[in-house]
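Welcome! Please open your viewer and get ready to select residues one stop at a time.

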Amino acid sequence: MIYYFSGTGNSRYVAESLADCIGDDAAPLAPLACSDEEVCLSSYESVGIVCPVYSWGLPVPVVEFVRRLARSRDKQPYVWCVLTCGDETGLAHRIMKSELARRGYNLNAVWSVIMPNNYVLLPGFDVDADDVAQRKIDAAPKRIAEIAAGIFERTEVTDVTVGSLPWLKSRIVYPLFKRWGIFPRKFRVSSDCVGCRRCASACPLGNVTMVDGKPSWGNNCASCVACYHVCPRECIQYGSATRGKGHYCFRAKTKGGE
């Protein structure tokens, strides 16, 4: 079984591509992360988690999902993880390993896949230029095939692009991001909005609802920026931080669309 969390489609693409390669099923983890019920893995021989790296750590819903896993007893599945990132993972793989260990699971293998950047909510962060994004997308299938082979062989490996100063980024910046970097109240919509509801449909956590024909943001936000990127009229902004910045959604064909 493959569980994934995805905002703009990168991790969904990787998860569904891996599912096709290894003959497995892929499902979003957000509904389970938002549930009060435990998630039992005892019936699976192999369990994968595919998710993006947020601020050199894990998205909050992914942490919530892992913390809802029923504690491992006798049977241990082969547990693997794929982290999608724009450039580097920091120590996100160690955070995943630690969270799984708290529930009694070993992280047997972890890989990273470089995909186009989509984070735009802070100064200095923007989407990749079109040619850079396309190069990353073109390189992904080969990397996914390598990972699929490793999963088939039940490889025990850590194969991620850590980058520079990983301790500083994952142990200092990431906790600050979780505490101070997620402010859904900063999202706003201009008068150009036509109420198409694409932002509400794109939110993996159901945090965007329509009020009087316009989007309204609740507090259950992961800063996945799906709502911003999916707007066809580009009328969603995050304070002044997104002014003049680009938009990105994974466009290659996946099951069910983006």
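## Stop 1

Select Leu18 and show its surroundings: leaving out residues up to four places away in sequence, Leu18 touches Ile2, Val50, Trp80, Val82, Ile144, Ile147, Ala148 and Ile151. Touching, or contact, means heavy atoms within 4.5 Å. This is a predicted model, where local features need pLDDT of at least 70 and side-chain atom pairs count only at pLDDT 80 or more, while totals for chains, interfaces and linings use all residues. Residues are numbered from 1 along each chain as its sequence is written, and side-chain values use heavy atoms, leaving out hydrogens and water.

Buried means under 20% relative accessible area, exposed over 50%, and partly exposed in between (1.4 Å probe, protein chains only). In soluble globular proteins, nonpolar side chains tend to be buried together.

## Stop 2: a residue in β4

Next, pick Thr84, which sits in strand β4. Helices (H or I, at least four residues) and strands (E, at least two) are DSSP runs, numbered from the N terminus. Is Thr84 buried or exposed? Thr84 is buried, with a relative accessible area of 4%. Its side chain makes a polar contact of 2.7 Å with the side chain of Ser11. A polar contact is a pair of N or O atoms within 3.5 Å; within protein, one must be able to donate a hydrogen and the other to accept it, and residues adjacent in sequence count only if both atoms are side-chain atoms.

## Stop 3: helix α4

Select residues 92-102, helix α4, and highlight its buried residues: Ala92, His93, Ile95, Met96, Glu99 and Leu100. Seen down the axis of α4, they fall within an arc of 160 degrees (taken from the directions from the helix axis to the C-beta atoms), so they line one face of the helix. Among the elements they pack against are β3 (46-52) and β4 (78-85).

## Stop 4

Finally, select strand β8 (residues 208-211), with Val208 and Met210 on its covered face and Thr209 and Val211 on the uncovered one. β8 pairs with β9 (residues 214-217) in the antiparallel sense over four bridges; pairing requires at least two bridges found by DSSP. Look for Val211 and its bridge partner Lys214.
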